[in-house]
Amino acid sequence: MSSECSSYLNADRVLVSGFSCPRVGGDARAVYCCGFQDVKYCCDDPHSFFPYEHSYMWWLSIGALVGLSIAAVVLFAFIITVCVLCYLFISTKPRSKLDTGLSLQMADSGTRGGSIC
């Protein structure tokens, strides 16, 4: 089994020509083309295989998806908890007005002020 690493521009903007893996005189187990757009090399880890034209490895994107999924579940659980607590707070609130302990009464006009004659 072998793979081809296409040509690329390295970090110094120098064109590096394509090559086949495994390289002559290199490790015979390094049959995968690994690396990024600006550096490519032969490796033996199939999880570092570089099949995409983007500058990241596929297992990094899977890790990001797993992390985002966990964050979404935690956020969803938080929102559900807040909604349930708000509902319980509103539904257990007394329906009648609270008694403040003070009774407001009209002053009786006959007992106050007396008569002016």
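This briefing describes the fold, the surface and selected side-chain contacts of one protein chain.

The model is predicted: local features need pLDDT of at least 70, side-chain atom pairs count only at pLDDT 80 or more, and totals for chains, interfaces and linings use all residues. Residues are numbered from 1 along each chain as its sequence is written, and side-chain values use heavy atoms, with hydrogens and water left out.

**Overall fold**
- Along the sequence, the elements of the protein chain are arranged as β-β-β-β-β-β-α.
- Of the 117 residues in the protein chain, 15% are buried; buried means under 20% relative accessible area, exposed over 50%, and partly exposed in between (1.4 Å probe, protein chains only).

**Strand β1 and S3**
- S3 belongs to strand β1, which covers residues 3-5.
- S3 counts as buried because its relative accessible area is 13%.
- The side chain of S3 makes a polar contact with the backbone oxygen of V31 at 3.0 Å; such a contact is a pair of N or O atoms within 3.5 Å, and within protein one must be able to donate a hydrogen and the other to accept it, while residues adjacent in sequence count only if both atoms are side-chain atoms.
- A polar atom of the S3 side chain also lies 3.1 Å from the backbone nitrogen of C33.

- L85 is located in helix α1, residues 58-91, and is exposed because its relative accessible area is 53%.
- L85 is one of the residues of a nonpolar surface patch, together with F76, I80, V84, Y87 and L88, and the patch has about 630 Å² of accessible area in total.
- Patches consist of residues with over 30% relative accessible area and no salt bridge, with like charges joined within 9 Å and nonpolar side chains (Val, Leu, Ile, Met, Phe, Trp, Tyr) within 5 Å.
- Accessible areas come from the Shrake-Rupley method with a 1.4 Å probe, and for residues only the protein chains shown count as cover.

**Charged side chains**
- Side chains of opposite charge can pair when their charged atoms come close.
- The count is one salt bridge, defined as a side-chain nitrogen of Lys or Arg within 4 Å of a carboxyl oxygen of Asp or Glu.
- R29 and D27 form a salt bridge, with an N to O distance of 3.3 Å.
- R29 is exposed at 57% relative accessible area, whereas D27 is partly exposed at 38%.

Definitions and conventions. Helices (H or I, at least four residues) and strands (E, at least two) are DSSP runs, numbered from the N terminus.
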